[in-house]
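Let's read a protein model together, one feature at a time. Keep the picture open while we talk.

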Amino acid sequence: MTYDPTGHLLLTPVDREAPLRVRRLRQLGIGERPDPDFDAFAQRLAKVTGAPYSMVNFIDENQQFFAGLHTPNGTRATDELGATAAVGGGVSRYMARDHGYCPHVVVRRKALVLEDVCDYPRFAGNPVVDEIGIRSYLGAPLIDRTGTALGTICVVDTEPRPWGRPGLETIKSLAAELVEQIHRREEGRL
């Protein structure tokens, strides 16, 4: 664990692989702008899980970027995007690295199921709980053929959700499917 300058415990894990991840994302040409294919995948994630929010998330040293995003109001257009959580509890394409749970998934390299984030003191104090109203999270890492954890796919809800083992298996399966889609995209560019 690390501390910020004010002495508060930072619960976001140290990510030593971030520079390698950024190089790989650049090599793949993803993770820096909205992508219609990733938006479509996020929409499918929301439909399959019944969650109001879903993301295809790529993480660098400083921030998270939702290259694929689905919200209850639909995917946001590029010109509507803000740099942090949007006013009124909405979600934008960018989020600070210390917000949310995807950085934990990337560093752990394992799926994470939080049926009610408030049941876990380590996660209940995350800024997304108060700023956006997130109460449940289900996410899995996107680990490509090089062994690099590129980012995550995730779904969140403002209500507790009983994801259970079926939710875990679903998110892991969908993550593997998206990694294969990324590999096919790379092969097509070679």
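This is a predicted model: local features need pLDDT of at least 70, side-chain atom pairs count only at pLDDT 80 or more; totals for chains, interfaces and linings use all residues.

Q: Let's start with charged side chains. How many salt bridges are there here?

A: The idea is a distance test: a side-chain nitrogen of Lys or Arg has to lie within 4 Å of a carboxyl oxygen of Asp or Glu. By that rule the count is 15 salt bridges.

Q: Which residue does the side chain of Asp-39 meet in a salt bridge?

A: Its partner is Arg-93, with an N to O distance of 2.9 Å. This pair links distant parts of the chain, 54 residues apart: Asp-39 sits in helix α2, while Arg-93 sits in the loop between β4 (63–70) and β5 (94–96). Now apply the burial test again. Asp-39 has a relative accessible area of 13% and is buried. Arg-93 is buried as well, at 1%.

Q: Now for Glu-186: which residue does its side chain meet in a salt bridge?

A: That is Arg-145, at 3.7 Å from N to O. Glu-186 lies in helix α6 and Arg-145 in the loop between β7 (136–143) and β8 (149–157), so the pair ties together parts that are 41 residues apart in sequence. Here the burial test gives two answers: Glu-186 is buried at 12%, whereas Arg-145 is partly exposed at 45%.

Q: Which residues are linked with Glu-186 and Arg-145 in a network of salt bridges?

A: Salt bridges can share residues, as you can see here. Arg-24, Asp-144 and Glu-187 join Arg-145 and Glu-186 in the network.

Q: How do I describe two helices such as α1 and α6?

A: Two packed helices are described by the angle between their axes and the distance between the axes. In this model, the axes of helix α1 (residues 18–28) and α6 come within 10 Å and cross at roughly 60 degrees. The two helices are therefore oblique to each other. On the α1 side the contact is made by Arg-24, Gln-27 and Leu-28, and on the α6 side by Ile-182, Glu-186 and Arg-189. Sorted by class, the contact has two nonpolar, one polar and three charged residues.

Q: Let's turn to the backbone. What is the phi of Arg-109?

A: Most residues other than glycine have a negative phi. Arg-109 has a positive value, near 60 degrees, and is a residue other than glycine. You will find Arg-109 in the loop between α3 (102–108) and β6 (112–114). With a relative accessible area of 30%, Arg-109 is partly exposed.

Terms used: Residues are numbered from 1 along each chain as its sequence is written. Side-chain values use heavy atoms; hydrogens and water are left out. Helices (H or I, at least four residues) and strands (E, at least two) are DSSP runs, numbered from the N terminus. Buried means under 20% relative accessible area, exposed over 50%, partly exposed in between (1.4 Å probe, protein chains only). Axes are lines fitted to C-alpha atoms, for helices over the stretch in contact, and angles run from 0 to 180 degrees between N-to-C directions. Angles under 35 degrees count as roughly parallel, over 145 as roughly antiparallel, 65 to 115 as roughly perpendicular and the rest as oblique. Contact means heavy atoms within 4.5 Å. Ala, Val, Leu, Ile, Met, Phe, Trp, Tyr, Cys and Pro count as nonpolar, Asp, Glu, Lys and Arg as charged, and the others, Gly among them, as polar.
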